[in-house]
Structures are given as C-alpha cells and as structure tokens.
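My entries follow in the order I made them.

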Amino acid sequence: MKVYIATLFLWFLVLPTILAANDQSDFDPKQLTLLVTQGDFQSAVAKTDHAIAYYRDLVAADPHEQKAGFILNNLQVGYYMCAKAQLLALRGNFEGADKILSGAKTYASNHPGFSGFLTEGGWETVVSATHAFILEKAGKRDEAAKAYDSPPTIYGQGRLALLALEGGDDTKARQLALAAGINPTAYFVLGRLEEKDRHGEAAREWYNKAWVELQTVKNVFLPVYFCEGPAIARAQKRLEK
C-alpha cells in the first residue's frame with residue numbers, strides 16, 4: 001500500500017501538466033519551473049500560492065479521506081507549501097520560509113497520507129531538502145551540508161557539490177557532482193570546474209547538459225532543482241562561440 005501511494009504521488013505530480021493542456025484554469029507546474037529557471041522568483045511565489053489554493057479547493061470539493069485522490073491532493077498542498085518556502089528563501093525571506101515550512105509540517109501531521117508516504121522517503125525528502133535549502137540561502141553552510149545529507153536526496157547531492165565548490169574544495173566538489181547522477185546543479189558544478197581549468201569545450205558540454213535537464217525533467221517541480229537556471233544560462237552565454 002505504501003509503494004502504491006508513492007507511485008500514485010508521482011503520477012499526481014505529472015497529472016496537472018496533462019490537465020492544463022486542456023483546461024487553462026488548472027494549475028500547470030511547468031509554468032512554475034519555467035519561472036524559477038528564468039529567475040523570476042516573485043512570480044513563482046504567486047504560482048505556488050495558486051497551486052496551494054487549487055489543491056486545497058480539490059480537497060474541500062471531495063472530502064472522502066479514503067479516496068486516493070483526496071490523499072494525493074493533500075500531498076500536493078504540502079508539496080507546494082515546501083516549494084513556496086524554497087522560493088521565499090531564494091528571495092531572502094528566511095523567517096517567512098521557516099514559517100511556511102512549519103505550516104507544511106503541521107498540515108501533514110493533521111491530514112491523511114503523509115505518514116504512509118513518509119516511510120517511503122518521499123515526504124521526508126521534500127521537507128529535509130527544503131529545510132537544508134533555507135539554511136544554505138541563509139548562509140548557514142555547515143548546517144545546510146549536514147541537513148542535505150540527512151537523509152541524502154536527489155536535491156541535496158547537487159547542492160552539496162555546489163557548497164563544496166563555493167567553499168574552495170574543488171576535489172570534493174567534483175567527487176560529489178559526479179556521484180550525484182542526473183542533476184542539473186551537479187552538471188553546473190562540473191561545468192564550472194572545467195571552465196576554471198580553462199577547458200572551454202568541456203565546460204560548454206556540462207552547461208548544455210544542465211540546461212537540457214532543466215527543460216526535460218519530469219516528476220520534479222521543486223525550486224531547489226531549478227534555481228541555478230539563471231547561472232547556467234549566463235555560463236552558456238559567456239562561453240558562446
């Protein structure tokens with residue numbers, strides 16, 4: 001049952017994109033990721049507000065707690081509350097980010113579905129990555145590094161590589177980035193390392209790979225995954241032939 005819920009949650013992350021193609025009043029998560037990739041964090045905050053209200057309305061419209069749709073709409077409320085917290089951190093509003101994250105955790109504790117999904121690592125991954133991201137943007141680098149690794153997440157791996165790079169440890173940055181797998185932030189780190197070593201062509205390849213991942217990734221809509229988009233775009237432009 002827990003695996004079933006986790007699988008359905010991934011489906012419901014994709015479903016709004018499909019629905020939005022037919023009904024423009026629906027929330028479209030790809031609009032959110034596009035805004036984050038472009039660095040328009042203020043407009044992205046408005047999109048998360050739209051998402052939270054949209055899924056709250058769906059929960060209220062069909063309050064049958066045993067239905068998969070009810071549970072998964074609840075999960076979406078918490079998911080986009082975490083997305084909003086990440087965006088507030090990007091805008092330097094750390095108090096607001098902490099408040100929204102706290103609200104997301106309270107919402108999860110008072111609604112069905114989160115505890116079952118937590119055991120699969122899904123909800124815990126979203127919450128822990130959001131907490132770590134707020135710490136990182138607040139300049140608490142050591143605390144952020146510990147939080148990104150507790151537990152390890154697809155979001156945290158790239159951020160840890162970037163933290164190592166910004167801390168001057170190129171060797172650790174490269175190791176972490178290579179170990180991160182498919183991750184635009186990790187690719188960006190590898191591009192910066194190649195550029196630093198004056199390997200322009202290799203750097204361009206990593207930056208292009210990062211950009212392609214931002215444009216094609218599915219099932220991921222959190223700002224922590226997309227927020228290096230402006231830096232990647234600047235790097236591509238800097239190395240244009």
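**Chain.** I counted 14 helices and zero strands in the chain; helices (H or I, at least four residues) and strands (E, at least two) are DSSP runs, numbered from the N terminus. Along the sequence I read the pattern α-α-α-α-α-α-α-α-α-α-α-α-α-α. This is a predicted model, in which local features need pLDDT of at least 70 and side-chain atom pairs count only at pLDDT 80 or more, while totals for chains, interfaces and linings use all residues. Residues are numbered from 1 along each chain as its sequence is written, and side-chain values use heavy atoms, with hydrogens and water left out.

I looked up burial next: of the 241 residues of the chain, 50% count as buried. Buried means under 20% relative accessible area, exposed over 50%, and partly exposed in between (1.4 Å probe, protein chains only). For contacts (heavy atoms within 4.5 Å), I took those between residues at least 6 apart in sequence, and 62% of them join residues at least 24 apart.

**H9 and H10.** Helix H9 (residues 154-166) packs on helix H10 (residues 170-179) at an angle of about 165°, with the axes 7 Å apart. Axes are lines fitted to C-alpha atoms, for helices over the stretch in contact, and angles run from 0 to 180 degrees between N-to-C directions. The angle makes H9 roughly antiparallel to H10; the cut-offs are under 35 degrees for roughly parallel, over 145 for roughly antiparallel, 65 to 115 for roughly perpendicular, and oblique for the rest. From H9, I noted Leu-160, Ala-161, Ala-164 and Leu-165 in the contact, and from H10, Asp-170, Lys-172, Ala-173, Leu-176 and Ala-177. By class, this contact of H9 with H10 has seven nonpolar, no polar and two charged residues. Ala, Val, Leu, Ile, Met, Phe, Trp, Tyr, Cys and Pro count as nonpolar, Asp, Glu, Lys and Arg as charged, and the others, Gly among them, as polar.

**H11 and H12.** The axes of helix H11 (residues 184-196) and helix H12 (residues 200-216) come within 7 Å and cross at roughly 165°. That makes H11 roughly antiparallel to H12. The contact includes Tyr-187 and Phe-188 of H11, and Trp-206 and Tyr-207 of H12. I sorted the residues of this H11 and H12 contact into ten nonpolar, one polar and five charged.

**Rings.** Rings of Phe, Tyr and Trp (its six-membered ring) pair if their centres lie within 6.5 Å; planes under 30 degrees apart count as stacked, over 60 as edge-to-face and the rest as tilted. By this rule I got nine aromatic pairs. Tyr-79 and Tyr-80 have ring centres 5.1 Å apart and planes at 80°, so I logged the pair as edge-to-face. Tyr-79 is buried at a relative accessible area of 1%, and Tyr-80 is buried at 0%. Ring pairs link Phe-27, Tyr-54, Tyr-55, Tyr-79 and Tyr-80 into a cluster.

**Backbone.** Most residues other than glycine have a negative phi, and most peptide bonds are trans. Which bond is cis? A cis peptide bond joins Ser-150 and Pro-151, with omega about 0°. I placed Pro-151 in the loop between helix H8 (141-148) and H9.

Arg-198 is not a glycine but has a positive phi of about 65°. I found Arg-198 in the loop between H11 and H12, exposed at a relative accessible area of 78%. Asn-219, also not a glycine, has a positive phi of about 75°. Asn-219 lies in the loop between H12 and helix H13 (223-226) and counts as partly exposed at 30% relative accessibility.
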